[in-house]
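Please read the following report alongside the sequence and the model.

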Amino acid sequence: MAHLAEEEEVPHSLESDILVTEEPDVSIKDIVEECTDREIKTVVILVGMLCLLLVYSSGCYLTDYMFFYMSLTAAMEAEALPMVKSLNLVKDDPPVIASPAPCISYSGSDWGMKVHLVCFGKCKDTGMDTVGTAPASLFTYLAIQAFSPDIVVSAGTAGGFKSKGASIADIFVATATVNHDRRIPIPGFQEYGVGKRLTLSAPAMRRELGLKAGVVSSGNSLDYTQEDMALMEQHEAAVKEMEAAAVAWSASFFKCPLICLKSITDIVDGDKPAQDEFLENLHKSADALQAIIPKALQFMAGKKLSEL
């Protein structure tokens, strides 16, 4: 039986896989013509699965396109209005994002792009700016639904770490976003809580405009606990603020690329209380953001994602 097994005829499909041609030059066309439909379909499926794996595991965008519709988001009026002025935007009337959402949107065109800025608006109970991750996730979702942008820019103020090179009024571009106050020590939920997402780090734009880069960490308090700091250090955060990770989460539903531009108001690992330094430097940092946003948008205009 063993002798018969050794002499068993090899199926033709396997023989064709191991035959060596006498011709050294074989074109891709020749190879494809020799493949069966089933083999071709198998290769296509495997390539497709690899592409999906790259998208969902790395957070990268495989589609490289030029963008013509841009949405900026800002939580605070003090952050938004200087940008409205510098971009010559006009308040949308009637509102594009319907009530009861308190968002206020402004629109305009420049550098061949349609630009929409969405300010998250005021809390109806306290009259204060609707800062934090809950408003940011909801209002970003509504903004993307309303304007269908090619790209979202999360612009605002933030705390910075001097250990990562931050100074007052520096502008940072996020390389990734994380949450530092969603601690869920259960397998699987721990990763969900941190919610790390890669963002467009725009290296060419950073070099052109002299911007810094680093991980942006979001939470719902101006101060922080020891546990918060441990998570920020673990993820090598350079910037601490209250919205970017939520904006990234909402943008991910639409597969919409995100750039985060954050202007530093206070030094997280410094000596001054965060609230005092924030109030002292808010307008200085907002002015720095106002100055850089038009330059950033002009640089981005007419470029593909890979060229940023």
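## Backbone exceptions in loops

E236 is found in the loop between helix 9 (226-234) and strand 9 (237-241), where helices (H or I, at least four residues) and strands (E, at least two) are DSSP runs numbered from the N terminus. Although E236 is not a glycine, its phi is positive, at about 55 degrees. E236 is exposed, because its relative accessible area is 53%; exposed means over 50%, buried under 20% and partly exposed in between, with a 1.4 Å probe and protein chains only. This is a predicted model, in which local features need pLDDT of at least 70 and side-chain atom pairs count only at pLDDT 80 or more, while totals for chains, interfaces and linings use all residues. Residues are numbered from 1 along each chain as its sequence is written, and side-chain values use heavy atoms, with hydrogens and water left out.

W111, in the loop between strand 3 and strand 4, is not a glycine and has a positive phi of about 55 degrees. W111 counts as partly exposed because its relative accessible area is 28%. Most residues other than glycine have a negative phi, and most peptide bonds are trans.

## The chain as a whole

The secondary structure of the protein chain comes to 11 helices and 10 strands. Of its 308 residues, 44% are buried, and the chain exposes about 17,200 Å², of which carbon and sulfur atoms supply 57%; accessible areas come from the Shrake-Rupley method with a 1.4 Å probe, and for residues only the protein chains shown count as cover. Among contacts (heavy atoms within 4.5 Å) with a separation of 6 or more, 75% are accounted for by residues 24 or more positions apart.

## Helix 5 and its cover

The buried residues of helix 5 (residues 77-86) are E79, A80, P82, M83 and V84. Their cover includes strand 1 (69-74), strand 3 (104-110), strand 4, strand 5 and helix 11 (274-300). Helix 5 is followed by N88, which has a positive phi near 55 degrees.

Helix 5 and helix 11 pack at an angle of about 35 degrees, with their axes 9 Å apart; axes are lines fitted to C-alpha atoms, for helices over the stretch in contact, and angles run from 0 to 180 degrees between N-to-C directions. The contact is made by A78, P82, M83, K85 and S86 of helix 5 and by L282, A286, L289, Q290, I293 and P294 of helix 11. These residues divide into eight nonpolar, two polar and one charged, where Ala, Val, Leu, Ile, Met, Phe, Trp, Tyr, Cys and Pro count as nonpolar, Asp, Glu, Lys and Arg as charged, and the others, Gly among them, as polar.

## Helix 6 against helix 10

Helix 6 (133-147) packs with helix 10 (residues 244-253) at an angle of about 30 degrees, and their axes are 8 Å apart. Helix 6 contributes T133, A136, S137, T140, Y141 and I144 to the contact, while helix 10 contributes A246, V247, W249, S250, A251 and F253. The residues of this contact divide into eight nonpolar, four polar and no charged.

## Two side chains with polar contacts

T157 is found in strand 5 (residues 151-160) and counts as buried because its relative accessibility is 7%. Its side chain is joined to that of E79 by a polar contact of 2.7 Å, a polar contact being a pair of N or O atoms within 3.5 Å; within protein, one must be able to donate a hydrogen and the other to accept it, and residues adjacent in sequence count only if both atoms are side-chain atoms. Leaving aside neighbours within four places in sequence, T157 is in contact with E79, E241, S263, T265, F278, L282, S285 and A286.

K122 lies in the loop between strand 4 (113-119) and helix 6, and counts as partly exposed because its relative accessibility is 34%. The side chain of K122 makes a polar contact of 3.1 Å with the side chain of D129. Not counting residues up to four places away in sequence, K122 touches E77, P102, G127, M128, D129 and T130. The C-alpha atoms of K122 and A75, which are 47 residues apart along the chain, are separated by 9.2 Å.
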